[in-house]
Structure formats: structure tokens, C-alpha cells
Number of protein chains: 2
Amino acid sequence: MALSKKPTTGMKDILPGEMKIRDYVISVIKDTYGRFGFTSIETPCVENITNLTNKQGGDNEKLIFKILKRGEKLNVQEAVTEEDVTDLGLRYDLTVPLVRYYSNNAASLPTPFKALQMGNVWRADRPQRGRYRQFMQCDIDILGEPSNLAEIELILATTATLTKLGFRNFQIRINDRRILKAMAAYAGFAEESFDSVFITLDKMDKIGFEGVKEELLENGFDEAVCDKYLELFAAVEQAQDGVQYLVEKLGDFLDGEMTASFTEILSSVRATQEDSFELVFDPTLVRGMSYYTGTIFEIAMPEFGGSCGGGGRYDKMVGKFTGKDVPACGFSIGFERIVMLLQESGFQVPAGTGQVAYLVEKGIGGEALCRVMEQAKQEREKGTRVLVVRMNNNKKFQKEQLAGEGYTDFVEFYKDPLKK
Amino acid sequence: MALSKKPTTGMKDILPGEMKIRDYVISVIKDTYGRFGFTSIETPCVENITNLTNKQGGDNEKLIFKILKRGEKLNVQEAVTEEDVTDLGLRYDLTVPLVRYYSNNAASLPTPFKALQMGNVWRADRPQRGRYRQFMQCDIDILGEPSNLAEIELILATTATLTKLGFRNFQIRINDRRILKAMAAYAGFAEESFDSVFITLDKMDKIGFEGVKEELLENGFDEAVCDKYLELFAAVEQAQDGVQYLVEKLGDFLDGEMTASFTEILSSVRATQEDSFELVFDPTLVRGMSYYTGTIFEIAMPEFGGSCGGGGRYDKMVGKFTGKDVPACGFSIGFERIVMLLQESGFQVPAGTGQVAYLVEKGIGGEALCRVMEQAKQEREKGTRVLVVRMNNNKKFQKEQLAGEGYTDFVEFYKDPLKK
């Protein structure tokens, strides 16, 4: 039977050029997060299907690659539903597996636990440019830290990494679910309609103030409430200090301890940060995932319309596994987008040690070959990349090709040492 | 619904201690293979099921995790066979995907192409100690190099990596499929019985000469033929130079060019090699995979009974995808076994830069917190790993725990600077 040369639909082969950038980004991420005390961990790519379909993942749960039962457990002929034939699935994110991991291994993990995860996830999304069905995620999470030290460290670590990768003029937008709710409550929305209001608010970037108002009205909300709500956003935007404005304006709708902690995140990060980015309070920031309970944040890059990563606090998720809540906060970098942006900007991985190609004439063998290998060994021990290849008939073309791969020096070996 | 804390059957969570060793091994592998001119590539973990079930993988094809069709393509109720409900599968090795990758991308790849792959593979094997259903493989392959330069480089690169990881007194056993066949032909076995003979020969390690003879006789082979065959192995073992002995003894059964090339592999590696290992001609080496066409090799470690990796030449596999054969040779390291051996030997990852923990008294916030973060920033920029955590009530216990994680220095921050 004919074998197919193409990768499966929506997934891609990674060529050496892109791989070099990926490996470089991975090394910068590991190094930088390491300096912030994050520890690498790994979970299996495969999870029990019940863990993946428990409403933690929102729409992503519709995109799971499910795995067929095996052996006696599988009876295709009598099966009626998908549940009858599947027991496992490929993970669609790294947060659900992390929380399971933490629940399973908490006894052997430090408190707080600062985890770094880099791994593939899978979503059976409609394939489109720049989006693949297998992609790498890169998450840092701090479990067991209730104070805003978690948020501060997560933002500083993430921005330090992006800065080291050469990114400039980006924004970290920050908000808090509790500010979101307080603003909606103050305006007069009923609590049960918050989710619907936030779905509309989330489109502010795309449809603007007018668009948001229009959609809210279409959804049947009272115009006076909508106006009061939107005026609040306009006023925050005008204010010198948006958070302080809300504290004064919203009064008891806002918890004072929360806003003090939120303000401290802003001031601590700003006092310490690189000047490569701006930390901006953005009251329109919603973040889709329903599991967030407090602070939420997002990376906005000028080069790239959408978000390049984000995260927030999710203090109620460990409890779903263990019955006991543990404070948790995470920040995820959009690894694939970052690699894409670097590729598009013509980014070159900083040259390491030298690259030498040895061209060995065909027919060189025996002791002469031993001497070639010995010489290569000595150079390799110094850290040089040495490619030993047979010399082609068209030596000039071969050298051009090798130069394209980054080889800058060439050594030619002939049977007759006088030849050149 | 209750969520399960355990990883799925046969797969494992990787804890920070093991992860540290894995990351170290990965970095040594990437660095060392890089010096030999190998280039990292990646293929998707998921492949079309037809590529995975095409008899390239032998028994591994029985162990595939198959993925359920999605959307309209799936009709569980009317399905009769597994084929009706599945279109994809998780890869069970890295060789089949590599060959597909090469066939798909040959036009943008150099010749010869030296590929390094590190990635997870999945096999629905019966779970047992030290064997998991998801495990990392680490393969190097050279495609497009017909000469023995491929074998020499593969063996030197693999052994350099193992040596750098601290392994000593190991063996690389080497043989050639064509020597295997010539010996069997010389003894008088018919060509159609070679596979059966080699399956028995492969057990030499476990059942010895007598056991092999017994099994051959049980399988109905002529005793005179069996004796002639086994005497040959005994004579090779006695000989000063086993290959040379066979050249003289087997005469036209052996191809002279092949044995000259084989001898050259032995002499080139021996002339250049580290003294951490021995390269041994082993005429009993069979290697299971049916796709090998020439040289085959295997790593034997004294600490570990079985093989710790292996490989060989498979010149006929690219042709299965493209219709045109391309010379190919690969060497795979048993990554999981190597990590296990390092763990069991009490291996410690070489300490990098310093590790400092900042213990920050609860209640420190505002400007005082900014100063802490600024100090951490400066140390981190020097490469130090700085953990910023809130101080526990039991500070002594906290420090002991942190010391266990590798933190050697502690700085304490109090609201009242005079306190200590």
C-alpha cells in the first residue's frame, strides 16, 4: 500500500531552520525561568478522558483527540456512543494536567511549588494559517502562594524571558475578575447576566465602545445600565490612576484588600521591570477561561494583533481533584506565536562556536580515514561543530550548500596529499 | 464527577528530581551530537494510521494507540471494525516518521542529512517495572550517505555522548546482516529458513550455545548443519580477528567489498575512540527489526543486562515512500534506561550557578517589596537562581526544605530591618 509522505492534516514537520529557533527559544525560557526558581516537570501527553471532559476546558473540550480503547475493552460492533469506544485523550492544555499532577504528588513537592512546563498539546481545530493541531505550550505556575508575590514573580519572569528574546514595546495588560464583577454590579447588571456581559465586553478591541453598546442592547440590557457601565470605562481611561479612580467611584462594590494587593502588583512590577514593556491596567480584559478567580493578565505585542500569551489566578481548581482548594496562579507564553514572530522578523540565532566542514575525497579509507576522524575528534572536543562528509564531484556547489547551513570553514582531505 | 489524580495506566508524572537529570541528559545529547553536525528536527506525535500499520514496525504495530475519527467522519453506531472508527495513531518509534519526513522534505534538506530526533513515542505494552507506555526516544540518523562514514560517525557520536554522561566499560557490539546470512548459508541452511534461524540465534545471550542448538534441532533443522553453524561461532570467538577468520573460511559466501568496509568501521572507530568502551564484532547479534539491510549495532552496559540502544543500516525504507531508495543508517539511545541508570547510581547533575532563597516576612509590601524584587533582579541577571518566597512561621523547617531543593544561601527580609 502506498504510504503518505505528508504529515497528518493540520500538523507539521519542523524543518532544521525553524527547529534552530525553537531550540534557542526553549533554552532562553529554561534558563530565565530557572533563575526565577521555576522547576521543570512533565506530565504524560495522554490523560484519562474523564479528566479532559470535566468542563474545565470550555470550548477546547469539543476539540479533543480521543484515543480508542484497546484489547478486550473495545467492542466496536456493539458500541453506540463515543464513550463506548474511548477511554483516553490527548491533552488540550497544560493546566488541567498540572493540577492533576499537583494533586497526585503534592506530598513530594515544595510549598510554594513553582512549575515550568513545556510540552505539546493537541486540538482538533479547523486548520488555518499559523494554527496547527499540535502545538507547544509553555506555562509557568505557582501553587500554594496566596499572596500577590505569585503574580509579581510570574509577570517579572515572563517579561524577562520575552525581553531576552529581543521583544520590545509590548504590553502586559492586567485586570482582576473581581474588578470586572464590581464594575458590572455598580452599573446595575444582575449577577446572573455577568457572563453574557463579559462575552460582549471581551470584544471591545474589535468592535469598540459603540459596538459593545449595540450588542449589549441587542441582548436586551437596559440602556441606562449600559451607559453607566460604558461611561465607567471611559472615565478609567481618562483617569491618572484607573484603579484609584474605581476605588473612589465604586466604594463598597470593591474589596479594599483586593485593590491594595492589585495596586501593589502594579507598583512592584513597575519599580523592577525592564523598559521593554508597559504594565497596563485594562478593565476591559476578560480572558475566556471560566476557572480564573482573581487577577488575570495578557501579553499584547504590536507585531501581532492578538494575544501572545496570558494567565491568571485560579484558586478553586485543585479542590476539584482533592476536595481542598490550593491557591494557584499561572502565566502561559504563546510559544508558537513567538517563534513565528521571530521567524518573520528574520531573527538569527546567536552564533555559537565555529562550524567546520571536512570534505573527504571518495576512496579515502584505512589509516587516512583514521587521521581524519582523529582530527575531527580534537576539534569537537573544543566545542566546534565538525561535519565530516564525502566530497562531491561538484565541490563548489557542495561548499555553497554547506555555507547555507552555516559552515564557515572547510578542510579538504585528498588521497594524494599534494592535490588540492 | 470525581476527577482522577493518577496519571493514566502505564504512564508517569515526572517529578522535579528526575526532570533535572532528564534535562541534563538532553542538554549533553544536543550539545555532543551538535558537534558531530547533527541537526534537530521534529515530526508530529500523531501519524496517519496507514503509515503506522505498514509492516515496518513489526510487533510494535500491535501496540499502537489509535485515535478516534472526528466529526462527520465518525459513525460509531454503524461501525463494525476498528478501521471504521480510526484514522490516526500515536507514533511507536521515530524511524517511520523520520523516513516520511525525509520523503516529504528532501528537496529542502542537505545531502547527506544528519538528523537528531528527541521525542516521545507510545506503545500500549503491558505495564511493568521501568517500562512505560509513553517514553522518550533519542535517535540520530544519516540519510544519503552510502559509505561507511555513516556508521563510523554514528558510533563515535553515540559513544562520545555516553562517555560525557559518565558511562564507562560499556560495549558496542557490531555485526552485519550480510555476515549473518553468509554464515547461515555456509553452514547449509536454506535461505527461506534464515529468519527462523536468526530468531533462535538471537537468544544466544540467554540460552547459550547448547540452548541454541537444542532449539534449532527442535525446529527440525539438520544436526550436521547446526553443528557446522555453531562451530563457526566458536571458531570466531577463538580467532584473533573474527572478521578476517570468516573472510578466509567463508570465501565466496562473503562479499569482499562489504567485509573491507566493515573492517574499516572497526579500525576507524578503534583508532579514534575514547577508552570508555570496547567495539566488539559479535556474529550472534541479530537485532529484531526486519528493515535493516547491512551493518547493525547495539549498546551493552554492564550495569544493565539488556541493550541500552542500537541501530543499523536500512537502505530500503525511503523507497517505500518515494519509490526511490536512499541509503540510511541510524543509532538510537535508550534514553529512559540511561536516565534510570543515572538515577540508580545516585548521579548528581553538575551544580550550575548559585541558588539563593529570599525569605520575605509576611506583610512586607509596597516599597519594601519593590526593593526585594530589585535585589532579586540584580542577582538573577548575574545568572543566580533566586527563589522569592514568603517566610513561614517555622523558618527553620522551611530552610531545611529549601536546602533539600538545592538552595545553599538564604537572605531574610523583615518589615523591621533591625529584627533578625
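In helix 7 (residues 194–201) of chain B, the buried residues are Val197(B), Thr200(B) and Leu201(B); a residue is buried if 20 or more other C-beta atoms, placed from the backbone, lie within 10 Å of its own. Because these residues cover an arc of only 100° around the axis, they lie on the same side of helix 7 of chain B, the arc being that of the directions from the helix axis to the C-beta atoms. Helix 6 (177–187) and helix 8 (204–218) of chain B are included in what covers them. Helices are DSSP runs (H or I, at least four residues), numbered from the N terminus.

The model is predicted: local features need pLDDT of at least 70, side-chain atom pairs count only at pLDDT 80 or more, and totals for chains, interfaces and linings use all residues. Residues are numbered from 1 along each chain as its sequence is written, and chains are lettered from A in the order in which they are written.

The contact between the chains draws 88 residues from chain A and 88 residues from chain B, where contact requires C-beta atoms, placed from the backbone, within 7 Å. On the side of chain A that touches chain B, helix 14 (residues 366–381) of chain A provides the largest share, seven residues. The classes on that side are as follows.

| Class | Members of the class | Chain A side |
|---|---|---|
| Nonpolar | Ala, Val, Leu, Ile, Met, Phe, Trp, Tyr, Cys, Pro | 37 residues |
| Polar | the others, Gly among them | 29 residues |

Chain A is superposed on chain B by a rotation of 180° with 0.0 Å of shift along its axis (RMSD 0.0 Å), by least squares on the C-alpha atoms of residues with pLDDT of at least 70 in both. This is the relation of a two-fold axis. The same surface serves both copies, with 100% of the contact residues of chain A recurring in chain B. Among the residues of chain A, Ile67(A) comes closest to the rotation axis, at 2.2 Å (C-alpha).

Conventions:
Contact = placed C-beta atoms within 7 Å. Helix = DSSP H or I, 4+ residues; strand = E, 2+ residues; numbered from the N terminus. Buried ≥ 20, exposed ≤ 12 C-beta atoms within 10 Å, placed from the backbone.
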